[in-house]
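Q: Hi! Could you walk me through this protein before I set up my own calculations?

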Amino acid sequence: MFLRISSVTLAVLALLGCSSPTPVVAEKVEHIACALAGASQFVPDCVIERARQDGALILIVRHPDGAFRRFEVLADGKGMALADGAEVAQLKLTGVELEVTVGPDRYRFPATAKRDAQQ
């Protein structure tokens, strides 16, 4: 029995020695300011991922707690819409930011107004 425990212990130690921690290098991670669950202050805690779905640009906003929302960037330049769910996104352009409100959550995306989209 002693040999069996020793051989298992040696195998575990050998595996641990071979699997030295490798630093994980994240590619460019883009954060936006968000005020979640009715918070009054915006903090840059939400992470943006970009994807394409049927030719449309989809922005996936990941919350620090693991929750997320998906937004479709509208091709006509008039902002974005919630890509799934029954709620409606409320949009407000404030200077160089697009503030999007969905339920108790608010997000600030960098934005530029297009002349065609303002009409």
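This is a predicted model: local features need pLDDT of at least 70, side-chain atom pairs count only at pLDDT 80 or more; totals for chains, interfaces and linings use all residues.

What follows is a short chat about the fold, the disulfide, the core and a few residues.

Q: Great. How many helices and strands does the protein have?

A: There is one helix and there are eight strands; these are DSSP runs, H or I of at least four residues for helices and E of at least two for strands, numbered from the N terminus. Starting at the N terminus, the elements go α-β-β-β-β-β-β-β-β.

Q: And in what order do the strands sit in the sheet?

A: The eight strands make an open sheet, ordered β5-β4-β3-β2-β1-β8-β7-β6, with antiparallel pairing. Two strands count as paired if DSSP finds at least two bridges between them. At the edges are β5 (80-82) and β6 (90-94), each of which pairs on one side only. From one strand to the next, the twist averages 35 degrees, using lines fitted to C-alpha atoms (for helices, over the stretch in contact) and angles from 0 to 180 degrees between N-to-C directions.

Q: Nice. What holds strands together in general?

A: Strands of a sheet pair through backbone hydrogen bonds, either parallel or antiparallel.

Q: How many bridges join β2 to β3?

A: Seven bridges join β2 to β3 (residues 56-62), and the two run antiparallel. They form a hairpin with two residues between them, and Asp54 in the turn has a positive phi of about 50 degrees. Within this pairing, Arg52 has Leu57 as its bridge partner in β3.

Q: Which handedness does the link have?

A: The link of Cys34 and Cys46 is right-handed, with 95 degrees about the S-S bond.

Q: Are those cysteines buried or exposed?

A: Both Cys34 and Cys46 are buried. Here buried means under 20% relative accessible area, exposed over 50%, and partly exposed in between (1.4 Å probe, protein chains only). Of the 119 residues of the protein, 23% count as buried.

Q: Which residues touch the most other members of the largest nonpolar core?

A: Of its 16 residues, those are Ile32, Val61, Phe71, Met80, Val100, Tyr107 and Phe109. A nonpolar core is a set of buried Ala, Val, Leu, Ile, Met, Phe, Trp, Tyr and Cys residues joined through side-chain atoms within 4.5 Å. The elements giving two or more residues to this core are β1, β2, β3, β5, β7 (97-102) and β8 (105-110). β7 gives the most, with three residues.

Q: What does Met80 touch?

A: Beyond its neighbours within four places in sequence, Met80 is in contact (heavy atoms within 4.5 Å) with residues including Leu59, Phe71, Leu91, Val100 and Phe109.

Q: Back to Arg62: why is it called partly exposed?

A: Arg62 is called that because its relative accessible area is 33%. Arg62 lies in strand β3, and its C-alpha is 5.1 Å from that of Val47, 15 residues apart in sequence. Not counting residues up to four places away, Arg62 touches Asp45, Cys46, Val47, Glu49, Ala67 and Phe68.

Q: Last one: why does Ala51 count as partly exposed?

A: Ala51 counts as partly exposed because its relative accessibility is 29%. Ala51 is found in strand β2, and leaving aside neighbours within four places in sequence, Ala51 is in contact with Ala56, Leu57, Ile58 and Ile60.

How values were computed: Residues are numbered from 1 along each chain as its sequence is written. Side-chain values use heavy atoms; hydrogens and water are left out. A disulfide is a pair of cysteine sulfur atoms within 2.5 Å.
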